[in-house]
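Here are some friendly notes to read alongside the model. Please keep the structure open as you go through the points.

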Amino acid sequence: MTTREKHLVELVDDAGRPQGETTVAAAHQPPGQLHRAFSVLLVDPDGRVLLQRRAAVKTRFPLRWANSCCGHPTPGESLVEAANRRLREELGAGPVELTEVGVYVYYAEDPATGRVEFEYDHVLRGEFRPGSPLLPDPDEVAELRWVDPVMLRADLDADPRAYAPWLGGVVNRLLTPSGPAVGPPGPAAIPPGPPADDASERSGGR
């Protein structure tokens with residue numbers, strides 16, 4: 001088990017209220033435990049978003065294209081602090097200005113590893129300054145590329161298996177922001193179903 005798999009995450013209820021804590025590894029074992037997470041999309045001045053291809057050693061959805069950075073705040077840690085920590089660890093990026101554009105609750109099973117994602121996901125937009133250094137950690141990131149988010153949404157429909165199953169919902173929150181959650185986001189108990197490759201990625205999987 002990697003060190004990060006031993007880190008603590010915050011369990012939450014359907015409305016995002018804290019309900020305890022467990023390890024990353026335990027939260028992602030079937031059938032999954034709903035926990036707080038974040039997804040960052042770095043956006044450049046031209047409106048392009050930075051994607052990363054997840055490294056082969058990732059325990060969930062390796063070698064899939066995903067948003068700029070993902071992670072879990074530790075219990076009691078702010079989203080901004082946690083997101084900037086992971087941006088530094090994964091991408092070597094300095095602190096960036098972050099805005100929450102919505103919350104995305106999703107459930108996805110990885111058919112390759114048997115792990116489960118069941119997350120109350122805060123979607124964060126990060127403003128990327130041109131010329132800022134990016135030094136991706138090869139244990140986290142296989143590749144980087146900048147894409148137009150509207151074209152990305154079309155490609156997610158055309159070739160969903162190339163992408164992490166949560167990316168569609170994250171991109172939708174970016175293109176149609178709802179702001180931070182101010183109340184219950186709706187039922188979060190998405191029942192276990194088929195693997196993410198066979199599920200509706202637009203409505204249910206992160």
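1. A word on terms before we start: two residues are in contact when they have heavy atoms within 4.5 Å. On that basis, residues 24 or more positions apart account for 70% of the chain's contacts with a separation of 6 or more. Please bear in mind that this is a predicted model.

2. Now the overall layout. The chain has four helices and nine strands, and along the sequence they follow the pattern β-β-α-β-β-β-β-α-β-β-β-α-α. Of the 206 residues in the chain, buried residues make up 50%.

3. Which residues make the contact between H3 and H4? From H3 come Pro149, Val150, Leu152, Arg153 and Leu156, and from H4 come Leu167, Gly168, Val171, Asn172, Leu174 and Leu175. Sorted by type, the residues of this contact are eight nonpolar, two polar and one charged.

4. The largest nonpolar core has 23 residues, and the members that touch the most others are Leu41, Val49, Leu51, Leu152, Tyr163, Trp166 and Leu167. At least two core residues are supplied by each of these elements: strands S3 (35-43), S4 (49-54), S5 (65-66) and S7 (98-109), together with helices H3 and H4. A second, separate core holds 16 residues, among them Val40, Leu79, Leu87 and Leu124.

5. What does Leu152 touch, not counting residues up to four places away in sequence? Its partners are Val49, Leu51, Val147, Tyr163, Leu167 and Val171.

6. Some backbone details are worth checking by eye. Most residues other than glycine have a negative phi, and most peptide bonds are trans. Against that background, Pro30 and Pro31 are joined by a cis peptide bond, with omega about 5°. Pro31 sits in the loop between helix H1 (24-27) and S3.

7. The loop between S4 and S5 contains Phe61 and also Leu63. Phe61, although not a glycine, has a positive phi of about 55°. Leu63 is likewise a residue other than glycine with a positive phi, in this case near 60°.

8. Finally, please look at Leu134, in the loop between strand S8 (116-127) and strand S9 (141-147). Leu134 is partly exposed, and its relative accessible area is 23%; the cut-off for buried is under 20%. Leaving out residues up to four places away in sequence, Leu134 touches Leu50, Leu91, Ala93, Phe128 and Leu144. How far apart are the C-alpha atoms of Leu134 and Arg88? They are separated by 9.1 Å, while the two residues are 46 residues apart along the chain.

Note on methods:
Residues are numbered from 1 along each chain as its sequence is written. This is a predicted model: local features need pLDDT of at least 70, side-chain atom pairs count only at pLDDT 80 or more; totals for chains, interfaces and linings use all residues. Side-chain values use heavy atoms; hydrogens and water are left out. Ala, Val, Leu, Ile, Met, Phe, Trp, Tyr, Cys and Pro count as nonpolar, Asp, Glu, Lys and Arg as charged, and the others, Gly among them, as polar. A nonpolar core is a set of buried Ala, Val, Leu, Ile, Met, Phe, Trp, Tyr and Cys residues joined through side-chain atoms within 4.5 Å. Buried means under 20% relative accessible area, exposed over 50%, partly exposed in between (1.4 Å probe, protein chains only).
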